[in-house]
Amino acid sequence: MNRTAASRDGQQTPTWPDAVSCPFDFSEGLDFDPLLADLMARGSVTRVRLPYGDAEAWLVTSFAGVRQVTTDPRFSRAAIVGRDYPRLTPEPIVSPESVNVLDPPHSGRLRRAAARAFTKRRVERMTPAIERVAGRLLDGMAEHGPPADLAEHLSTRLPHHTICELLDVPPADRPVLLRRTHDLLATAPDARQTAADAKRYLRDYFAALVAQRRRAPGEDLISAMAVTGADDAERPLDDQELAVLAVTLILSGNDTATCQISNIAYTLLTRPGQWGELVRRPERLPGVLDELLRHIPFRKGVGIPRIALEDVEVEGVVIPAGDFVHVSYLAANRDPEVFRDPHVLDPDRPVHPHMTFGWGGHHCVAAPLALAELRVAVGALLARFPGLRLAVPAREVRWDTATIRRFPLRLPVRW
């Protein structure tokens, strides 16, 4: 519970515990961040100070607490707009108009429009194309011969190609878009201008692409959304909404799957017997993937905060109106009240919803596509390279330390 102290007039006023400084810069392999583990041990709700922003924040780490904050309308993402909110990057990643900083029901129209790209039926139709691309990329890796960098040959290229195909980005423009999305996720203090330039570039690029699709629509997602809203009963998206939504989609498309293809391969190849077991029993892949997604910490710390619109009690702690609140999906995925032996990677764990793709009104709309890419990529690796193994000792694998993501910069493999 919150502590209280008596003021001069005898009234009880709340006093808060000292905030814990949280750089969330742990990048050693895929071990769970010891700072986050320490915060979980302190309690479900703690005070933290992040590297950037003008205020402290509450951090909620329990599964039940995260579920409450992400579904309770008394916590608002929209309220952070215009505020120097606590965060891990010098430049805020999201634009003020992004669907990621809108609250329900206002976010519904944009989310329904974006979700058109990722319905189960549409993803099923796209899967053969993803399989063909993955096959070509692995052909190239085979022709290159061992040792080869799995990150270069597959992990980076497959998700970026897929989302660019969905948006019909000209092939010549794709490398610079990949570099700009990477720039936007940088955490170093001197990266602020680079990140701001990247955000402006991506916004301007897609604004021009939207204008082009208005004039000459195609079969891509931008064209479809430019013609109608989420359905014919809703107001069509305007140019600004479309441009910002396209930026959100390309960031999402280059995020989870890009990190997790390499992370999953690394995890399986560094645990005796795990790769060989899936080679022998590929039908187990969907269940094993779900457990890998729960277990692997593919990003650092926290994402976008919310603001409490009124005093709200979360896990026995009263969060005052106006305070920033962050949640940790990574911590929620390791909650022992929900997952038995949560720090153990258990391929036979009973299925239970996890929070790798978020929760509530801001659950990742691109999750179905990311899951399809992961199933295709890992399945193709198992079939094509049953003898796959690391080409260097695990301790020599170099990890990303410059952005909010956790993944190997290079993953040398042989077969």
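I began with charges over rings, and found that R47 lies over the face of W58, at 4.7 Å from the ring centre; a charge sits over a ring if NZ of Lys or CZ of Arg is within 6 Å of the ring centre and within 35 degrees of the ring normal. I also noted R180, whose charged end sits over the ring of Y201, 4.4 Å from its centre.

I reminded myself that this is a predicted model, in which local features need pLDDT of at least 70 and side-chain atom pairs count only at pLDDT 80 or more, while totals for chains, interfaces and linings use all residues. Residues are numbered from 1 along each chain as its sequence is written, and side-chain values use heavy atoms, with hydrogens and water left out.

Next I searched the whole structure for aromatic pairs and found six; rings of Phe, Tyr and Trp (its six-membered ring) pair if their centres lie within 6.5 Å, and planes under 30 degrees apart count as stacked, over 60 as edge-to-face and the rest as tilted. The pair of Y205 and F206 is edge-to-face, because the ring centres are 5.2 Å apart and the planes stand at 85°. I looked up burial too (buried is under 20% relative accessible area, exposed over 50%, partly exposed in between, with a 1.4 Å probe and protein chains only): Y205 is buried at 14%, and F206 is buried at 0%.

I then turned to Y266 and W399, an edge-to-face pair with 4.9 Å centre to centre and 90° between the planes. Y266 is buried, at 12% relative accessible area, and W399 counts as buried at 12%.

Lastly, I noted that ring pairs link F63, F339 and W359 into a cluster.
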